[in-house]
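Q: Please take one part of this model, a pocket, and go through it closely and in order. I would like to know what lines it and where its lining comes from.

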Amino acid sequence: MKTDIEISQEVELKPIVQIAQKIGLTEDDLELYGKYKAKVGYETIQRLTNRPDGKLILVTSINPTPAGEGKSTVTIGLADALNQINCQTMIALREPSLGPAMGVKGGATGGGYAQVLPMEDINLHFTGDMHAITSANNALSAFIDNHIHQGNTLNIDSRRIIWKRVLDLNDRALRQVIVGLGGPVQGVPREDGFDITVASEIMAILCLATDIDNLKERLANIVIGYTFDRKPVTVGQLGVQGAMALLLKDALKPNLVQTIEGTPAFVHGGPFANIAHGCNSVLATQSALKLADYVVTEAGFGADLGAEKFLDIKVPHLSKAPDVIVVVTTIRALKMHGGLAKDQLATEDIAALKKGFSNLKQHIQNMQQYQIPVVVAINQFVSDTENEFATLSQLCQELGVIVKKADVWAKGGQGGIELAQAVVEVMNNQVSNYQRLYQDSQSIEEKAQAIVEKIYHGKQVSFSPKAKNQLKTFKEYGWDQLPICMAKTQYSFSDDATKLGAPTDFEVTIREFVPKLGAGFIVALTGDVMTMPGLPKSPAGLKMDVTSDGQAVGLF
């Protein structure tokens, strides 16, 4: 069996100019990054503004398991299939992070014969967006420390600086560090730490900004810490939003690439869904909606994280909500949610499948709360049996939901034709009447409770003493009008990664809030979720290499 990279390296890529022509763009609309990658410039994006929107298809999934779900693969295969049935379609995906690529999760370009290309470029440095975000983030850190060193006219309390440095790699040794050691010439010593780049507020800002001016406004609103009398200090007070925007001016432009089958794809922005909002950029999604009749996009991790945040945080910044939501599942993963061990998943087990269906059922019903039609996609594995498929189909049909197989890993778009036809049928026959889960006018406590009750199906949300104090402070500052971005484990509806299936009667404890005023939301940290992951015992990077002629090896 060929690996993903072997499959991708056998594909004869089309020049990106030809791919752009499929969506009505010319070479003058592009900023080329070699033959197969390009960015779309601001003038072109502005020119598209008054065009009508196409249909929007959001792909999400059940809670991920080590058995794998293949959400990106289904997203790409579905788009290829839609094009095969003469529906002009584009993709809007997130960019991968080097951290999980070198760690255990892998890349984010799909798999098998449903991939975006050039996969090795996208999974590594791509067009440099991640590095630009890293540079802008760390430039702000340097400006903060320099301001304190040069006299600290803003009266910043170095013990209450909440802005961290970032690196686009998993490195647990950098979670907590001391900077400024070495005497007065080297700066003022203080505690600091590193997050992974995709957890930076700048990543979230890049993905929600609508143009350069909005980018600068959002950067200026970033809270970097507090004064000695506990007043917030912003980037605008430091006066460095212009310099940061300068570093990000090209990164803000969407990246255009292609699938194996030549479907145009915007791959742009990549906030994690368990510690940020987990969606690609507003600019990429919005531009795709103006260029294609159908746009397939995805939200990170399970629907309890990425899809909830797409619908409650991102959609208010888009011109439209999804017309349909596709929930991806696998029979293997459902059996694991039903208590079956990973080494037993190839064995037919109807009882475990029925028990694990509780996870899929809850995700379906959660998405239906938003008054958007739902379709279930079963990402096929060779170990799936007809009996298992029939059982799962019956369970979905009892909920009134269409379910279709997707064999896109092995067959590309051809393996997603039935799914594509079902998605189009649902969009033609059912109306999306998007309703948000909560309103901005509700309190932080009410928003958090709404998410815990309506999405996680927990009993209640509780707050640590620190979080309770922050609630009072945030209300005084007027920050309680912002949406909530829950930072939670992706593996469970609860804040306990070991509780699979559909647990109930649990509490979710918010241990701390982090204001992200530039992004426009408040992050609620739960459980032991970390903003700087570590590498596993056997990182994927150990298998990676490059040949003497520059070919990547071992990249999935």
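A: Helices, as named here, are DSSP runs of H or I with at least four residues, and strands are runs of E with at least two, both numbered from the N terminus. With those names in hand, and keeping in mind that this is a predicted model, the part to look at is the second largest pocket, which holds about 1400 Å³ of space. Its lining is made of 49 residues, and the closest of them to the centre are Ile161, Ile162, Lys466, Glu512 and Val514. Two or more lining residues come from each of the strands β7 (156-161), β10 (190-192), β11 (194-196), β12 (223-227), β22 (507-516) and β23 (521-526), and likewise from the helices α8 (201-208) and α20 (465-477). Among these elements, α20 gives the largest share of the lining, seven residues. Sorted by class, the lining has 23 nonpolar, nine polar and 17 charged residues.

Leu360, for its part, touches Ile62, Val327, Thr329, Leu334, Val376, Leu392 and Cys396, leaving aside residues up to four places away in sequence.

Terms used
Residues are numbered from 1 along each chain as its sequence is written. This is a predicted model: local features need pLDDT of at least 70, side-chain atom pairs count only at pLDDT 80 or more; totals for chains, interfaces and linings use all residues. Side-chain values use heavy atoms; hydrogens and water are left out. Contact means heavy atoms within 4.5 Å. On a 1 Å grid over the protein atoms alone, a cavity is a set of points where a 1.4 Å probe fits but cannot get out, and a pocket is an open set with protein on both sides within 12 Å along at least five of seven lines; lining residues have an atom within 4 Å of a point. Grid points are joined across faces, edges and corners, and a volume is the space filled by probe spheres set on the points. Ala, Val, Leu, Ile, Met, Phe, Trp, Tyr, Cys and Pro count as nonpolar, Asp, Glu, Lys and Arg as charged, and the others, Gly among them, as polar.
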